[in-house]
Amino acid sequence: MRTLPLREIHRDEISCVRRVPLFSGLTEDQQDLVGALVRPLVLSAGELVHGAGERSRRLSVVHTGQVKLSRTLPSGHRRLMRVAGPGQTLGEHGFLTGGPTLEEAEALTETRLCVFSHDDLAALVAEHPSIALQMLRNLGQRLAETERRLAQSTLEVDVRVADYLLDQPLLRETSDSAPATASSAVSPRLRLRLSKKDIASILGTTPESMSRALARLTASGLITVDADVITLLDATGLEALLAQD
């Protein structure tokens, strides 16, 4: 983990503070003042931001890269809860409750973070209550997503995989994806940004079960799989799977 001068964490002249929803209620001048409190950090892939149960006393914003957050279940298995990307935050729960971190946070790729100490953040919240309201919104959205995943845990793996695929952003340019085929030229495509192991963990299943589900969806003519690129041949058919359950 390396600490950087603030000027080195900017890319394309977009500041870390201005790109994050947490500070969207502030004016640009106020955002610039907030930016002066940032402590930029760079992590290599596999490096921990914090472990579960730590009292980190800081809130982090992902500037570039990805951070995965996972929990160890009573069974000893690890469950991937979410992946935080650019503009998303880590550590609101610890700041609002004063408690230890609930999850282990690990950099998936080389990642740049904008870090705020709890003391600095408390002063900001006292002056700009909109920051605390946005934190509560963030936590509420994550709770809703967790409840949705919990409700899906009793569904067939095929349904969970279909729902996950439909929820992913689509590729817009062929330069971002595998070479176009006759079917993919007219059908929407997406790239699996996570490993199948991590996706399976999010969905509460095993990599083997997920691979079998992808094979069944392929055999049914709903999708094609080319490495990490999925072509949605029949998005309506995938939606119908969800409707059945």
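Analyst: Let's begin with a term we need: a residue is called buried under 20% relative accessible area, exposed over 50%, and partly exposed in between. Keep in mind that this is a predicted model.

Now to the loop. R57 sits between β3 and β4 (58-64). With a relative accessibility of 48%, R57 falls between the two cut-offs and therefore counts as partly exposed. What is the phi of R57? R57 has a positive phi of about 60 degrees, although R57 is not a glycine. As background, most residues other than glycine have a negative phi.

A227 belongs to the loop between β11 (223-226) and β12 (229-232). Its relative accessible area is 59%, so A227 is exposed.

Strand β3 is part of an open sheet of four strands, in the order β3-β8-β5-β6, and the pairing is antiparallel. At the edges are β3 (48-50) and β6 (78-84), each of which pairs on one side only. From one strand to the next, the twist averages 30 degrees.

Within this sheet, β5 (residues 67-72) pairs with β6 over six bridges in the antiparallel sense. Which residue in β6 is the bridge partner of L69? That partner is R82. A helix joins the picture here: α7 (residues 196-203) packs on the sheet and touches both β5 and β6. The direction of α7 makes about 105 degrees with that of β6.

Finally, let's look at aromatic rings. A pair of them is described by the distance of the centres and the angle of the planes. How many aromatic pairs does a search of the whole structure find? It finds one. The ring centres of F23 and F116 are 5.4 Å apart and the planes stand at 50 degrees, so this pair is tilted. F23 is in the loop between α1 (16-19) and α2 (28-35), while F116 is in strand β9 (residues 111-117), so the pair ties together parts that are 93 residues apart in sequence. Both F23 and F116 are buried, whereas R57 is partly exposed.

Key. Residues numbered from 1 in each chain as written. Predicted model: local features only at pLDDT ≥ 70, side-chain atom pairs only at ≥ 80, totals over all residues. Heavy atoms only, no water. Phe/Tyr/Trp six-rings, centres within 6.5 Å; stacked < 30°, edge-to-face > 60°. Helix = DSSP H or I, 4+ residues; strand = E, 2+ residues; numbered from the N terminus. Buried < 20%, exposed > 50% of the residue type's maximum accessible area, 1.4 Å probe, protein only. Pairing = 2+ DSSP bridges. Axes fitted to C-alpha atoms, helices over the stretch in contact; angles between N-to-C directions. Contact = heavy atoms within 4.5 Å.
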